[in-house]
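Let's take a walk through this one, starting with its aromatic rings and then moving on to its strands.

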Amino acid sequence: MTDPTARPVRAATGVAGLDDILGGGLTPNRLYLVEGVPGSGKTTLAMQFLLEGARRGEPVLYVTLSESVEELNGVAESHGWSLDGITVRELAPTADSLRPDDQYTMFHPSEVELGGTTRTILADVDQLKPTRVVFDSLSELRLLSGNALRYRRQILALKQFFAGRNCTVILLDDVTSADHDIQVQSIAHGVVLLEQLNPDYGSERRRLRVVKFRGSHFRGGFHDYVIRRGGIVAFPRLVANEHRPPAQPEKLASGIAEIDTLLGGGIERGTSTLVVGAAGTGKSSLGAQFVATAAARGQRAAMFVFDEAVNTLLTRRAGLGIDLRPHVESGRVTVQQVDPAELSPGELTHAIRRAVEDDGVTVVVVDSLNGYLNAMPGEKYLIVQLHELLTYLGQAGVATILVSAHHGLIGSNMQAPVDASYLADAVVVMRYFEAKGEVRQAISVIKKRGGAHERTIREFKMQNGRIRVGGPLTEFRGVLTGVPVFEGADGTTGGSAGGASS
């Protein structure tokens, strides 16, 4: 007796991310449609699907009406694959068909070629009895058919022929033709759309969407993917509600007493902290301080850096007494440099998920949100994606530190490129201010959910190879404006003028 709650057996596509999106893979013995513009990776996906079947010992068939076997072998070699185990049937027109004597004058090609092409395909299926078949591509069948009605009948005939033959079929189709027939989508059991976007700067971006998948739950929306040597790598869209492990309440100290006092003891696991300020105020150094202290406790941390090279970051932080290099070499800290021109938002989210789920990191630093914004200039829903990512990290018990640089250096008119302050659980502001002919730096915590924090403004210094934080600037009014008014009677600055403590 079968278990009605048991998960149905699925046919893996060979692309782990796509299987995740589809809820485990394709429902076997059905006909599917994969659509996309040229260059979107349809052939690569089809090969991965067949190679997965061959790896499992299944007989598989690749029917090509547009590319030669030599071209297919070239694609396979570019990925380091061998087509051994895949039966390839090439039905592309030969050079002889281009001779004037072989051109049709009285009959439409559909009356002469279509029947023969179909019979050849069906004969191969009857002989090989494959469990997986790929047709590349429907564009050729559409042209041979001559009209939409005959074309639709051919697709229906193929679907009926494969019904009951224990065969999973993928039809590849371009979406470039003017007479593109979307009715084929209604015939297919499932439809996957591959898109290729070309931003004004940087490499192309690719994303996929499952248009339909009958009788099965799937993760909707767009999902980023890349084509690398070895095939397609898909990055399922992050859905925070799917990840709810129990959070572990724990305060993580920075190792600098004054900063921990400002934050009410430190930052908590499962929360996000936004560090904002002008360039050079010490935002990145503060994030690195939390990472180094966590690593010293034996915890793992990950830094995703947009604005600095890894070696430059390690050298500069070592100059402030924050030596991350031993922790990087031991594996407790990972530093990944991110190129905004090459990265898709889904790939960044995937890298963060892997750091959390595979490496068990407890602290994640994204430096900076400015780079994160530049990585997806065409994205309209940056804040929504960021909210989903922070929710996921919070549920995973990770302490997240986001660094954001304000436009401008000093004054009251300081603006952030994206307002993420309402998303963060704590907000740390770092500012320049002028005092006695000198430019100084100040740090304060203006928000912290679920816990008390110190509301004073303290002087922040990076000097003599150390981070130093002074006492509250009680002798000044208007520090956050950048041009404060001195109100002290003795000419000092409330305990901070004599040098900040570490």
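## Ground rules

A residue counts as buried under 20% relative accessible area, exposed over 50% and partly exposed in between, using a 1.4 Å probe and protein chains only. Keep in mind that this is a predicted model: local features need pLDDT of at least 70, side-chain atom pairs count only at pLDDT 80 or more, and totals for chains, interfaces and linings use all residues. Residues are numbered from 1 along each chain as its sequence is written, and side-chain values use heavy atoms, with hydrogens and water left out.

## Aromatic pairs

Searching the whole structure turns up 3 aromatic pairs. For Phe, Tyr and Trp (its six-membered ring), a pair needs centres within 6.5 Å; planes under 30 degrees apart are stacked, over 60 edge-to-face, and the rest tilted. Tyr 32 and Phe 213 make an edge-to-face pair, because their ring centres are 6.0 Å apart and their planes sit at 65°. Tyr 32 is in strand β1 (residues 31-36) and Phe 213 in strand β7 (residues 205-213), so this pair ties together parts 181 residues apart in sequence. Strands here are DSSP runs (E, at least two residues), numbered from the N terminus. Both ends are tucked away: Tyr 32 is buried at 4% relative accessibility, and Phe 213 is buried at 5%.

Then there's Phe 161 with Phe 162, also edge-to-face, with centres 5.2 Å apart and planes at 80°.

## Charges over rings

A charge sits over a ring if NZ of Lys or CZ of Arg is within 6 Å of the ring centre and within 35 degrees of the ring normal. Arg 165 does this over the face of Phe 161, at 3.8 Å from the ring centre. Over at Phe 222, the charged end of Arg 207 sits 3.6 Å from the centre of the ring.

Two strands pair if DSSP finds at least two bridges between them. β7 pairs antiparallel with β8 (residues 222-228) over 4 bridges, and Leu 208 stands opposite His 223 in β8.

β8 also runs antiparallel to β9 (residues 231-235), joined by 5 bridges; Val 226 has Val 233 in β9 as its bridge partner. β8 and β9 form a hairpin with 2 residues between them, and Gly 230 in the turn has a positive phi of about 115°.

## Around Gly 277

Where is Gly 277? Gly 277 lies in strand β12 (residues 272-277) and is buried, with a relative accessible area of 0%. Leaving aside residues up to four places away in sequence, Gly 277 touches Lys 283, Ser 404, Ala 405, His 406 and Met 430, where contact means heavy atoms within 4.5 Å.
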